[in-house]
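Take a look at the sequence and the fold, then follow the topics below.

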Amino acid sequence: MEKPCLNDKDVFPDDEVLSRCLGKAKATWDAFVAVLGESDPAISGEWRYYTDGKSWLYKVTKKKKTICWVSIWVNAFKVTFYFPDRAEEPITASKLKAEYIDQFVQGKRYGKIRGVTVVAKKPMDLKAIRTLIDIKQQLK
């Protein structure tokens, strides 16, 4: 199985490190960060090294609420959202691709939550991420 790029806790994921890992997908990463700011000025992201997964993750939050988690891979990044069961209706009613809806509906449950992961390589992948951010913000 593939592993995330950012495994060295002593190497902070700055712009140069991200460019090296992401390659052509770096432009999509930059667009993703811009989308976060456009979605809501209260949304912010922070890099943290997690010893349990032995890698750096970008945790996106709004105040104290976690919106999503981002891991960096070779030539791509993965954005994972965790939703409670009550998100099923807005997710199934959304214009998300069937693969994302299926991921949630048939996905593994972690207690009362389930995840949806979007692999982002191209700017068009950001459409699903925008939709999932909107759904996340609608849920109280």
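Contact here means heavy atoms within 4.5 Å. With that in hand, phenylalanine 77 touches Leu22, Ala25, Thr28, Trp29, Phe32, Val70, Ser71, Ile72, Val118, Val119, Ala120 and Leu126, leaving aside residues up to four places away in sequence. This is a predicted model, where local features need pLDDT of at least 70 and side-chain atom pairs count only at pLDDT 80 or more, while totals for chains, interfaces and linings use all residues. Residues are numbered from 1 along each chain as its sequence is written, and side-chain values use heavy atoms, with hydrogens and water left out.

**Overall fold**

- The protein has five helices and six strands, counted as DSSP runs numbered from the N terminus (helices are H or I with at least four residues, strands are E with at least two).
- Read from the N terminus on, the elements follow the order α-α-β-β-β-β-α-α-β-β-α.
- The C-alpha trace spans about 40 × 30 × 30 Å along its principal axes.
- Among contacts between residues at least 6 apart in sequence, 57% join residues at least 24 apart.

**Core and surface**

- Of the 140 residues, 41% count as buried (buried is under 20% relative accessible area, exposed is over 50%, and partly exposed is in between, with a 1.4 Å probe and protein chains only).
- The largest nonpolar core holds 39 residues, and Trp29, Phe32, Phe77 and Phe83 touch the most other members; such a core is a set of buried Ala, Val, Leu, Ile, Met, Phe, Trp, Tyr and Cys residues joined through side-chain atoms within 4.5 Å.
- Helix 5 (residues 126–138) gives this core its largest share, six residues.
- The accessible surface comes to about 8300 Å², with 53% belonging to carbon and sulfur atoms; areas come from the Shrake-Rupley method with a 1.4 Å probe, and for residues only the protein chains shown count as cover.
- Tyr82, Tyr110 and Ile113 make a nonpolar surface patch of about 270 Å². Patches are made of residues with over 30% relative accessible area and no salt bridge, where like charges are joined within 9 Å and nonpolar side chains (Val, Leu, Ile, Met, Phe, Trp, Tyr) within 5 Å.

**Salt bridges**

- A search of the whole structure finds eight salt bridges, each being a side-chain nitrogen of Lys or Arg within 4 Å of a carboxyl oxygen of Asp or Glu.
- Glutamate 16 pairs with arginine 20, their closest N and O atoms lying 3.5 Å apart. The two are separated by about one helical turn because they sit four residues apart in helix 1 (residues 15–22), and both are exposed.
- Lysine 26 and aspartate 30 also form a salt bridge, at 2.7 Å from N to O. These two are four residues apart in helix 2 (residues 26–39), so about one helical turn separates them. Lysine 26 is buried at 9% relative accessibility, whereas aspartate 30 is partly exposed at 38%.
- Aspartate 85 bridges to arginine 114, with the closest N and O atoms 3.2 Å apart. This pair links distant parts of the chain, 29 residues apart: aspartate 85 is in the loop between strand 4 (76–84) and helix 3 (88–93), and arginine 114 is in strand 6 (residues 113–120).
- Arginine 114 is buried at 1% relative accessibility, while aspartate 85 is partly exposed at 32%. Shared partners join Asp85, Glu88, Arg109 and Arg114 into one network of salt bridges.

**Loops with positive phi**

- Which phi does lysine 54 have? Its phi is positive, about 50°, although lysine 54 is not a glycine.
- Lysine 54 lies in the loop between strand 1 (43–50) and strand 2 (55–62), and is exposed at 54% relative accessible area.
- Lysine 63 also has a positive phi, about 55°, and is not a glycine.
- The loop between strand 2 and strand 3 (65–73) holds lysine 63, which is exposed with a relative accessible area of 72%.
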